[in-house]
Amino acid sequence: MAAEGGGKEMNEIKTQFTTREGLYKLLPHSEYSRPNRVPFNSQGSNPVRVSFVNLNDQSGNGDRLCFNVGRELYFYIYKGVRKAADLSKPIDKRIYKGTQPTCHDFNHLTATAESVSLLVGFSAGQVQLIDPIKKETSKLFNEEMASSWPA
């Protein structure tokens with residue numbers, strides 16, 4: 001059955017539509033299950049950084065992924081582009097109060113299945129060395145610059 005004027009079918013499946021309440025759209029699983037979405041802020045942006053490391057473990061899932069969203073830092077098992085990571089189960093999650101992560105990178109030379117060093121830089125100049133597998137903080141640099149530290 002054709003609609004008048006447009007020639008399109010009435011049974012067309014919509015992927016998005018607008019109502020009085022707002023815009024509704026169909027999202028892929030990876031975006032829909034994304035942890036704590038950061039609200040849109042037109043005055044500034046919250047850049048997202050991603051770091052990868054391969055731990056060469058026996059299970060075959062040696063790749064790990066770290067990313068930040070706003071003041072939150074997440075650490076996950078990365079299963080490749082064909083399988084979505086279970087974003088509801090991070091290996092480690094940290095939320096910072098006074099400052100936010102702006103960059104991070106793994107030490108690929110010392111990474112093992114039991115331990116990995118992650119260096120995190122913050123917006124106020126602090127640098128923190130953490131181990132997201134052991135869930136411990138090893139060292140804090142420029143500590144005098146920190147007004148509020150992790151929650």
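I take buried to mean under 20% relative accessible area. By that cut-off I noted phenylalanine 75 and phenylalanine 106 as buried, both of them. The model I am reading is predicted.

**Entry 1: the sheet**

I looked up the strand order first. The model has an open sheet of four strands, and I read the order as β3-β4-β5-β6, with antiparallel pairing. I then checked the edges: β3 (50–54) and β6 (92–95) are the edge strands, each pairing on one side only. From one strand to the next I have an average twist of 15°.

I went on to one pairing inside this sheet. Strand β4, residues 63–69, runs antiparallel to strand β5, residues 72–77, and six bridges join them. Which residue of β5 does asparagine 68 stand opposite? I found leucine 73 there.

**Entry 2: aromatic pairs**

I looked for ring pairs next. How many aromatic pairs does the structure hold? I have seven in the list.

I took the pair of phenylalanine 75 and phenylalanine 106 for a closer look. The rings are 5.8 Å apart centre to centre, with 55° between the planes, and I logged the pair as tilted. Phenylalanine 75 is in strand β5 and phenylalanine 106 in strand β7 (residues 101–106); at 31 residues apart, the pair links distant parts of the chain.

I then turned to tyrosine 96 and phenylalanine 122. This pair is edge-to-face, at 4.7 Å centre to centre and 65° between the planes. I located tyrosine 96 in the loop between β6 and β7, and phenylalanine 122 in strand β8 (residues 118–122), so the pair ties together parts that are 26 residues apart in sequence. I checked accessibility here as well: tyrosine 96 and phenylalanine 122 are buried.

I also noted a cluster, in which ring pairs link Phe67, Tyr74 and Tyr76.

**Entry 3: serine 138**

I ended with a single residue. Serine 138 belongs to strand β10, which covers residues 136–141.

I looked up what serine 138 touches. With neighbours within four places in sequence left aside, I found serine 138 in contact with Leu129 and Ile130. I also took the separation from serine 117, which is 21 residues away along the chain: the C-alpha atoms of serine 138 and serine 117 are separated by 8.8 Å.

Definitions and conventions. Residues numbered from 1 in each chain as written. Predicted model: local features only at pLDDT ≥ 70, side-chain atom pairs only at ≥ 80, totals over all residues. Heavy atoms only, no water. Pairing = 2+ DSSP bridges. Helix = DSSP H or I, 4+ residues; strand = E, 2+ residues; numbered from the N terminus. Axes fitted to C-alpha atoms, helices over the stretch in contact; angles between N-to-C directions. Phe/Tyr/Trp six-rings, centres within 6.5 Å; stacked < 30°, edge-to-face > 60°. Buried < 20%, exposed > 50% of the residue type's maximum accessible area, 1.4 Å probe, protein only. Contact = heavy atoms within 4.5 Å.
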